Each structure stands twice: as C-alpha cells, then as structure tokens.
Amino acid sequence: MQEGNQVEEKMSREKSRRANLPPVQENIDKLEKVIKDGNHYGAQQMYKSISYRYVSAERYSEALDLLHSGACLQLKHGEVTCGSELAVMFVDALVKGKIPCEEEILDRIRKIYKLFPQIPVASNLAVDDDVQQLTEAIGEAKARLQGCSSFLKAAIKWSAEFGDQKNGDPQLHTMLAEYIYSESPEVDMAKVSYHFVRGNNIKKFAATLVNFMSKCYPGEDDIAIAEAILMYLSLGNLKDANSLMDELRKQVQTQEMDFPISDLIQFINLLLLTLEKETLALFTAMRVKYNDSIDRKPAFNELLEEIAEKFYGVQRRNPIEDMFGDMLKMM
C-alpha cells in the first residue's frame, strides 16, 4: 500500500513539474531578445538551465525547439563556442528522447551546420604577414573546427544508434568531411577521406581531392588518391571506388590538369581490376611487387589487410598472437 502511494506521489510530482513549465515559445522569444541585446553569455546560461528543465520533464520536443533556436541564433551572431555547445546539447536531447533519425531532424541539423562560419584558412595565410594576426586566424579556425566537429560527430553517433545506417547517416559524414577540409589550418586528407567514403557525394569528394591536388606538395597527390580508393575498398565498396576514380579523371581533364603518374597509382589501377576477378594469388603478388610504393604510408598495409579480409576472406593476423608465437618458438 505504501509503495503504491509513493508511485502516485512520484507521478503527481512529474505532472506538476511538466505543468509548471511555460510554452517553449515564450522562452525562445525572451532569450532571442537577450541575445539581440548583446548578452550572449547570459543567454547561454539561460538556454542551458531552461532546456534542462524541459528535458527533465521529458518534454523533448520543446527542449529541441529551444536548443535549436539558441544554437542558430548564437551562430548567426558569430558566437561559435556558444552555438556549438547548444548544438551538441540539441543532439544530446535527441539521444535522451530516443528521437529516430528522420529527414525532418536531419534538416534541422543541416540548418545548424550551415550557420557555422566557413572561412578558408589557406587564403588568409597567403596575405597575412602579421604574426599575431596569423596566430589568431589559426586559433579561430581551430575553434570553428572543434565546435562543428563535436556537433557533427555527436550527430553521426546519434544517427547510427537511432537510424538504419550502421556507420551513421551519409549526409552527416559528407558535412563533416567538407568542414574538416574547409577549416583545417593543416589539412589531414585521411580524416577528410574517412568521412567522405561514408558519405553520399562522390562528385564532391572528387572535387575536394582535385582541389587538394592543385595546391599540395609534390608526392602528396597520388597518396591522397590511393588512400581514398583503399578506404572505399576496405569497406568492401568496389563500386564507389571505381566511381571515384572515374570522376577524378573526368574532373582533372575538365580542369586541364595532369593526373598523377606513379607506381602507387599503377598499383591502385591494377588493384581495382584484380578485385573484379577475385584472384587472391594475383592480389598477393601485387602487394609484393609494389611493396615500396605501399610502404610510402604505413596505413596502406592495414587497409590492404582489411581488403583481403573483405574480398577474399583472409583472416587478419593478430599481433598479440604473433608475439606469443614468436616467444614460443624462441623457447
């Protein structure tokens, strides 16, 4: 009897808590005025505390409306740190509310993403002779990148958990790949390619690689192409690997550039043909023949191990087991 009374009291408190919260639009309008008055920090604290109440009351739809509005407003006013923090909280509310990954929510995520400043750092560096200004420009770029990356990585994780794509929604991966390339003071093409291969826009991927090829150091262009192709293949995705290579050649020709010629590119071309024929012996022989080219980047051998497993069922070697095996042989 006592237990039943406790349950009723708890339910009564929850109903009261939900009823005490005003319609969310009242808070949205109030906080919008605070931001317009220039009190960004004060507004930020209010967004956090008020949204917490809506989430605690399990009024997730209203919490999402509040956080989405706040993230967009802060970003519109150039407050990247505040905006990205609310953007991450928006995704946290999606997770807590177990909101499914649907197009309507993806549109809201896309709207936040488009409000993150996109300022190509490379163009700034070329004209900026002042060391202090240069340092500030790099610091701002890193802050933008960290904020947007945290938001999109959280969104990708949510979409993998509450959507039908085990790697997360492809649109979100494409957004993150674009932003990493746009905002990184020193572009890591491995990170860019990682997300593009899980994305859904091969033409944009090819355009990014071609742009990188036009300004990278000698010898970096063929490595970037090879890594992109190998990443697709490590996922067992031969179709998109071929499509990317075709699109790259097309765009290079359109821009009247030279496609890289090297032993590494030759290996990649032969690899694409070999995997069509499913010939393990030829695959193994090619790895031996082009070993010097493959060794130009340590990650290539790891990717080739994954490719061998995906296409030929070759079990990857466990380094710990190898170590114990060597010890046993010595004993």
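**Close-up 1. Ser 293, a buried residue of helix 16.** At 10% relative accessibility, Ser 293 counts as buried, a class that means under 20% relative accessible area, whereas exposed means over 50% and partly exposed lies in between (1.4 Å probe, protein chains only). Ser 293 is found in helix 16, which spans residues 291-294; helices here are DSSP runs (H or I, at least four residues), numbered from the N terminus. When neighbours within four places in sequence are left aside, Ser 293 is in contact with Asp 263, Leu 264 and Phe 300, contact being defined as heavy atoms within 4.5 Å. The structure is a predicted model, in which local features need pLDDT of at least 70 and side-chain atom pairs count only at pLDDT 80 or more, while totals for chains, interfaces and linings use all residues. Residues are numbered from 1 along each chain as its sequence is written, and side-chain values use heavy atoms, with hydrogens and water left out.

Close-up 2. Side chains of opposite charge can pair when their charged atoms come close. A salt bridge is taken as a side-chain nitrogen of Lys or Arg within 4 Å of a carboxyl oxygen of Asp or Glu, and by this rule the count comes to 13 salt bridges. In the bridge shown here, the closest N and O atoms of Glu 32 and Lys 36 are 3.3 Å apart. Both residues lie in helix 2 (residues 24-36), four residues apart, which is about one turn of the helix. Glu 32 counts as partly exposed because its relative accessibility is 25%, and Lys 36 counts as exposed because its relative accessibility is 58%.

Close-up 3. Arg 110 has its place in helix 6, residues 103-115, and counts as buried at 18% relative accessibility. Not counting residues up to four places away in sequence, Arg 110 touches Glu 103, Gln 171 and Met 175. With Glu 103, Arg 110 also forms a salt bridge in which the closest N and O atoms are 3.5 Å apart. Glu 103 is partly exposed, its relative accessible area being 43%.

**Close-up 4. The salt bridge between Glu 227 and Lys 297.** The closest N and O atoms of Glu 227 and Lys 297 are 2.8 Å apart in this salt bridge. Glu 227 belongs to helix 12 (residues 221-234) and Lys 297 to the loop between helix 16 and helix 17 (299-312), so the pair ties together parts that are 70 residues apart in sequence. At 4% relative accessibility Glu 227 counts as buried, whereas Lys 297 is partly exposed, with a relative accessible area of 23%. Elsewhere, salt bridges that share partners join Glu 103, Asp 107 and Arg 110 into one network.

**Close-up 5. The packing of helix 12 and helix 17.** Two packed helices are described by the angle between their axes and the distance between the axes. Helix 12 and helix 17 pack at an angle of about 30°, with their axes 8 Å apart; the axes are lines fitted to C-alpha atoms, for helices over the stretch in contact, and angles run from 0 to 180 degrees between N-to-C directions. The two helices are therefore roughly parallel to each other, since angles under 35 degrees count as roughly parallel, over 145 as roughly antiparallel, 65 to 115 as roughly perpendicular and the rest as oblique. The contact is made by residues including Ile 223, Ala 226, Glu 227 and Leu 230 of helix 12 and Ala 299, Phe 300, Leu 303 and Lys 310 of helix 17. By class, this contact has eleven nonpolar, one polar and three charged residues, where Ala, Val, Leu, Ile, Met, Phe, Trp, Tyr, Cys and Pro count as nonpolar, Asp, Glu, Lys and Arg as charged, and the others, Gly among them, as polar.

**Close-up 6. Leu 176 of helix 9 and Phe 196 of helix 10****.** Leu 176 is found in helix 9 (residues 170-183) and counts as buried at 0% relative accessibility. Phe 196, in helix 10 (residues 189-196), is buried, with a relative accessible area of 0%. Phe 196 and Thr 174 are 22 residues apart in sequence and 5.4 Å apart in space, C-alpha to C-alpha.
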